[in-house]
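Work through the exercises below with the sequence and the 3D view side by side. Try each task before reading its solution.

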Amino acid sequence: MVEEVNKLSEFVIEMKGITKTFPGTKALDGVDLSIKPGEIHALLGENGAGKSTLMNVLIGQYTMDEGEIFMDGKPVKIGSPKEAFAKNIVIVPQELNLIPEASIAENIFLGNERANGALISWKNAQKEAVELLKLLDVEIDVTQPVKRLSAAYQQLVSIARALAYSPRVLILDEPTAVLTNKEAVTLFASMQRLKKAGTSMIFITHHLDEVMEQADRATIMRDGQLVKVTEIKDITKDEIITNMAGKKVQESKHVNRKVSDEVFFEAQNMTRPGEFSDVNFKVRKGEILCVAGLVGAGRTEIFKSVFGITRPEPGAKMFVEGKEVDIKEPGVALKLGMGYVSEERRHDGITPGMSVMENMMLPSYDRLKKNGLINFKEAARITDEYIGRFRIKTAGRDALIKNLSGGNQQKVIVARWMAKGIKMLIMDEPTRGIDVNAKAEIHALVRELADNGVAVVVISSEMEEVLALADRVMVVHQGKIKGYIEDVDMTTEEDVLKVAFQ
Amino acid sequence: MKKVVDFLKSTPGMVLIVTILAGLGVHIATGNFFTAYNISTLTRAASFIIIVSFGQTIVLLTGGIDLSVAAVGSVSSMCAAKLMIEQGVNPGISILVSCVIGLLLGLVNGLFIAYLRLTPFIVTLATAEIYKGIVYIITKGTPIVGIPKTAQFLANGVIGGILPTIVIIMLLICIVLTVMLKYTKLGRHIFALGGNRNCAKIVGIKTERVEVIVYCLSGLLAAVAGVLMTCKLASFQASIGANWVNPTIAASVLGGTSMTGGIGGVVGTVIGGLLNSTVSTSITLLRVSSYWETVVTGGVVLVAVTVDAIKENPVMRERFAHIFKRK
């Protein structure tokens, strides 16, 4: 008996029967997770399936109600992230967690400073930082502040920070969400190298193609429960989706739509140095115009200027329904009938501490005024209507929006603009980080909007999304419009890239 | 019923319970707390600070802070006294003009903060010093005495032998502000600005304008309190408002208003202000040295924010639960 216990386990980490209850919900219900040495293990599930909670238990951020964790077959207690670090279990969180003003080297060794006696040796830190980044195939001046880097490089810096703990188990939470394809390839190469060196990785992602290509095994979760543990070679992408959703889901397919010829919005000669130059385009009523291109191509920046969040150089002209307009702030864009769904939902989409109703009605208060006071009865009626129509999962209109899942938050934001009654909606990465089912529902909403004559601009880095939604694709590369694709039906990802690089 | 329970669980609810319990304790010990006279005095004393705190609360709701409330109150109180006594202007007009001056001083804060994007803490710290200095330059610190009787009634009057006029004024302001914050566009925009400034911009809120209005309101309310204080003392004193800043922040926070903005309200501020007053009254009634007053008040604030943090933050709550489980 004793000898059997002492035998080296097949797994570096084993989590057994993990249960975690939050007030009102059972976030984890007897979940197991076993990680072999030197494997890439995909942890899959829709938003709210319990992946993050499980990882938070593993790194000691949350204490579990029931369950055990074994490391190399021996039971361990992980009471805090610091204890997890000491056991070489490290997470690269989804939300970037860097100090913008501090240098790359400082950020990498934050909380893990390389001290020589009592003083930090910056020379060593910088040298080591360079080496860690080399593992990721990144060569960059490590003394510059992190705020100068693009989101993608910031992501790589967070990974380098994790590597500084020489992890045995590295948790990567949606590491490719902000990366371009090329950067993702670099990341995967480094992951394979780490794997060869014996590092185990837990890989959380919504991109199943990445899972199929990179992972060795997968654990699929749904509603806080374990659904399936499998070798990747034994499963197909469709089977994974079925397991995640618990029912067969239809991925969005392209729909041919009729679009009027009437132009709603036109931009001429828009330039902002360092962001985009000489941009001209038109958006028609009832059209879904998808804006494709690589991350950092300037797509977000162009439409921030259209909505008045930033201002283009003098000389730019914008027209709404043929009339020249001066959109000097978002308030003006709103008056012209425009709405904006931002790329960063948490940063500027929602007001977390406010209710679902308030988040939905915020731009509509003008319309709801009665004798100078807001008619909250009417606001409640409209909110309930949209909660029903959009199938928004919430405890009610008075629930705080921060307690909703990402997909449902996004539905509230779309409802916000529909309730306002708009003529043009700009959506930046509307389904990033949102699970498959909610994604299909949001796509249906976008089509419904366009069918009602609203001009919809969808900026998206997901080619599947572009090809499913677009009536027309506008390709942006290095701050310039490179061309359009009109026959979306026949288009492939390659065609879009060809236009971008032509 | 559920609403009542929810309220009692909230920060202002708990502060209210603590206030009443403290009062009961003192009443049992001395028999002097829940008397008409004591309650009348206590609420009267509290009302001045509470009126200033209303402004502070609204500023805190946007995520800002106003350190100039004391100085603005002092300037306005000086203006009112000078106009009434030295210029012989009608008291009503004097009061009105002084309040407008307070609003304009707030406007200066607001313009710097909203349009030059300066940090509220620094701007109001600087203007506070300037406004305070102006008062000393003009008055050399000497009192101005001789406020007319009619004006004195505004702050010292008692209706029906128990209800002080100043309390009525305070409650009226509270009702107006509550309606403004809950049911008007401006009110909701104030919460949205404090809750997430970026989101507020995107939904078309003129954030700069809201911010300016908020500091104007704070200036106006500080001026109202300053002028009323002059009426109460029947004179201008350079000490008016001298120690208003910290109690206003304490009252707001005890009332459940978050220092980071977006959460809170003025009803809570009334409760927070009352607790402050209860502490000082109790210390007097218990014949404890009045030097203890600030120690107790500070302690109460510290306990309140700690309890709040544990309540709101799941990680903290868990950590705390652990400490108890271990024992």
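**Exercise 1: Domains of chain A**

Solution. The model is a predicted one. Then look at the contact, where 13 residues of domain 1 of chain A meet 12 residues of domain 2 of chain A. On the domain 1 side, helix H9 (residues 237–245) of chain A gives the largest share, 3 residues. By class, this side of domain 1 of chain A has 6 nonpolar, 5 polar and 2 charged residues.

**Exercise 2: A helix in chain A**

Solution. A residue counts as buried if 20 or more other C-beta atoms lie within 10 Å of its own. Apply this along the helix: A:Arg299, A:Thr300, A:Glu301, A:Ile302, A:Phe303, A:Lys304, A:Ser305 and A:Val306 are buried.

Now ask what surrounds it. The buried residues of H10(A) pack against strands of chain A, including E13 (263–272), E14 (276–284) and E15 (288–292). Strands E21 (424–428), E22 (455–459) and E23 (472–477) of chain A are also among the packing partners. Just after H10(A), A:Gly308 has a positive phi of about 85°.

**Exercise 3: Nonpolar cores**

Task: Which residues have the most contacts inside the largest nonpolar core?

Solution. The largest nonpolar core contains 173 residues. Those with the most contacts inside it are A:Cys290, A:Leu425, A:Ile426, A:Val456, A:Val457, A:Val458 and B:Ile51. Helix H11 (residues 207–233) of chain B supplies the largest share of this core, 17 residues.

Take A:Val458 as an example. Neighbours within four places in sequence are left aside; A:Val458 is then in contact with A:Ile288, A:Cys290, A:Val291, A:Met427, A:Pro430, A:Val446 and A:Leu469. A second, separate core has 73 residues, among them A:Val12, A:Leu44, A:Ala184 and A:Ile240.

**Exercise 4: Where the chains meet**

Task: How many residues does chain B give to the contact with chain A, and of which classes?

Solution. Chain B gives 18 residues and chain A gives 24 residues. On the chain B side, the elements that give two or more residues are helix H9 (185–195) and helix H10 (197–202) of chain B. H9(B) has the largest share, with 5 residues. Sorted by class, the chain B side holds 7 nonpolar, 6 polar and 5 charged residues.

**Exercise 5: Overall shape of each chain**

Task: What is the radius of gyration of chain A, and what is that of chain B?

Solution. Start with chain A, which has 18 helices and 24 strands. The radius of gyration of chain A is 24 Å, close to the 23 Å that the globule rule gives for 502 residues, so chain A is as compact as a globular protein of that length. Of its 502 residues, 46% are buried.

Chain B has 15 helices and 4 strands. Its radius of gyration is 20 Å, close to the 20 Å from the globule rule for 327 residues, so chain B is as compact as a globular protein of that length. Of the 327 residues in chain B, 49% are buried.

Technical notes
Residues are numbered from 1 along each chain as its sequence is written. Chains are lettered from A and ligands numbered from 1 in the order in which they are written. This is a predicted model: local features need pLDDT of at least 70, side-chain atom pairs count only at pLDDT 80 or more; totals for chains, interfaces and linings use all residues. Two residues are in contact if their C-beta atoms, placed from the backbone, lie within 7 Å. Ala, Val, Leu, Ile, Met, Phe, Trp, Tyr, Cys and Pro count as nonpolar, Asp, Glu, Lys and Arg as charged, and the others, Gly among them, as polar. A residue is buried if 20 or more other C-beta atoms lie within 10 Å of its own, exposed if 12 or fewer, and partly exposed in between; C-beta atoms are placed from the backbone. A nonpolar core is a set of buried Ala, Val, Leu, Ile, Met, Phe, Trp, Tyr and Cys residues joined through C-beta atoms within 7 Å. The radius of gyration is taken over C-alpha atoms; the globule rule is 2.2 Å times the number of residues to the power 0.38.
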